[in-house]
Amino acid sequence: MTTMVPYDRYNRLARSMWPFGSDWDDLFKWPTEIADAGTFKMDIEDADDKYVVSAHVPGVSKDEIDVELNEGRLSVSVDHKESDEDKGKNYLHKETSEWQATRGVYLKDAATAGLTAKLADGILTINVPKQVEQANVTKVTID
């Protein structure tokens, strides 16, 4: 009986040694916060005759974005650099930084012609037309 520890004391002890903060829920929040650092979110919509891909890239200029379609794989790469104006400033606290990220999605029936992209209000919208799917099966008659 001397080795038994009341639950409330054990809980306090565990929280003091817990590396993720005082809340047990931080354990489940922590990996997703790490995964979100240095990347951007994308939405892909199937709009009948085309795909509409929206990439949320606030604070990024169009010169820092590269969009490429290669054999059905659409890749969006961002290489965000700090401007020369920001380098000369003496920041006390700064939460923005230089970062690079690439996101990709496979669109099996994406056409290579007619792609359009527009950057407005921090959202890159890419319209990818669909190509007419041709049947790959040939019926052979037996003589």
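Select strand S3 (residues 65–70) together with S4: the two pair in the antiparallel sense over six bridges. Strands here are DSSP E runs of at least two residues and helices are H or I runs of at least four, numbered from the N terminus; two strands count as paired if DSSP finds at least two bridges between them. The model is predicted, so local features need pLDDT of at least 70 and side-chain atom pairs count only at pLDDT 80 or more, while totals for chains, interfaces and linings use all residues. Residues are numbered from 1 along each chain as its sequence is written, and side-chain values use heavy atoms, with hydrogens and water left out.

**Stop 1: the S3–S4 hairpin**

Stay with S3 and S4, which form a hairpin with two residues between them. Pick Glu71 in the turn; its phi is positive, about 50 degrees. Then select Ile65 and look across to S4, where its bridge partner is Val78.

Next select Ser75, which lies in strand S4 (residues 73–80). Is Ser75 buried or exposed? Ser75 is buried, with a relative accessible area of 17%. The cut-offs are under 20% relative accessible area for buried and over 50% for exposed, with partly exposed in between (1.4 Å probe, protein chains only). Show what surrounds Ser75: leaving aside neighbours within four places in sequence, Ser75 is in contact with Asp66, Val67, Glu68, Arg103 and Gly104. Contact means heavy atoms within 4.5 Å.

**Stop 2: the whole chain**

Zoom out and colour by secondary structure. The protein has three helices and seven strands, and from the N terminus on the elements run α-α-β-β-β-β-α-β-β-β. Of its 143 residues, 21% count as buried. With a surface display on, the protein exposes about 11600 Å², of which carbon and sulfur atoms supply 51%; these areas come from the Shrake-Rupley method with a 1.4 Å probe, and for residues only the protein chains shown count as cover.

**Stop 3: the four-strand sheet**

Select S1, S2, S7 and S6. These four strands form an open sheet in the order S1-S2-S7-S6, with antiparallel pairing. S1 and S6 stand at the edges with a single partner strand each, so one side of each has no neighbour in the sheet. Neighbouring strands of this sheet are turned by 15 degrees against each other on average, direction ignored. Axes are lines fitted to C-alpha atoms, for helices over the stretch in contact, and angles run from 0 to 180 degrees between N-to-C directions.

**Stop 4: Asn127**

Move along S7 (residues 123–129) to Asn127. Asn127 is partly exposed, with a relative accessible area of 22%. Which residues does Asn127 contact, leaving aside its neighbours within four places in sequence? They are Lys50, Tyr51, Val52, Gly114, Leu115 and Thr116. Now draw a C-alpha to C-alpha distance from Asn127 to Glu45: it is 9.7 Å, for a pair 82 residues apart in sequence.

**Stop 5: two loops**

Select Asp48, in the loop between strand S1 (41–47) and strand S2 (50–56). Asp48 is not a glycine, although its phi is positive, about 50 degrees. Asp48 counts as exposed at 72% relative accessibility.

Then go to Asp121, in the loop between strand S6 (116–120) and S7. Asp121 is not a glycine either, and its phi is positive at about 55 degrees. With a relative accessible area of 82%, Asp121 is exposed.

**Stop 6: salt bridges**

Side chains of opposite charge can pair when their charged atoms come close. A salt bridge here is a side-chain nitrogen of Lys or Arg within 4 Å of a carboxyl oxygen of Asp or Glu, and the count by this rule comes to two.

Select Asp46 and Lys130, whose closest N and O atoms are 2.4 Å apart. Lys130 is partly exposed, with a relative accessible area of 23%.

Finally, select Asp79 and Lys81, whose side chains meet in a salt bridge at 3.9 Å, N to O. Asp79 is partly exposed at 31% relative accessible area, and Lys81 counts as partly exposed at 44%.
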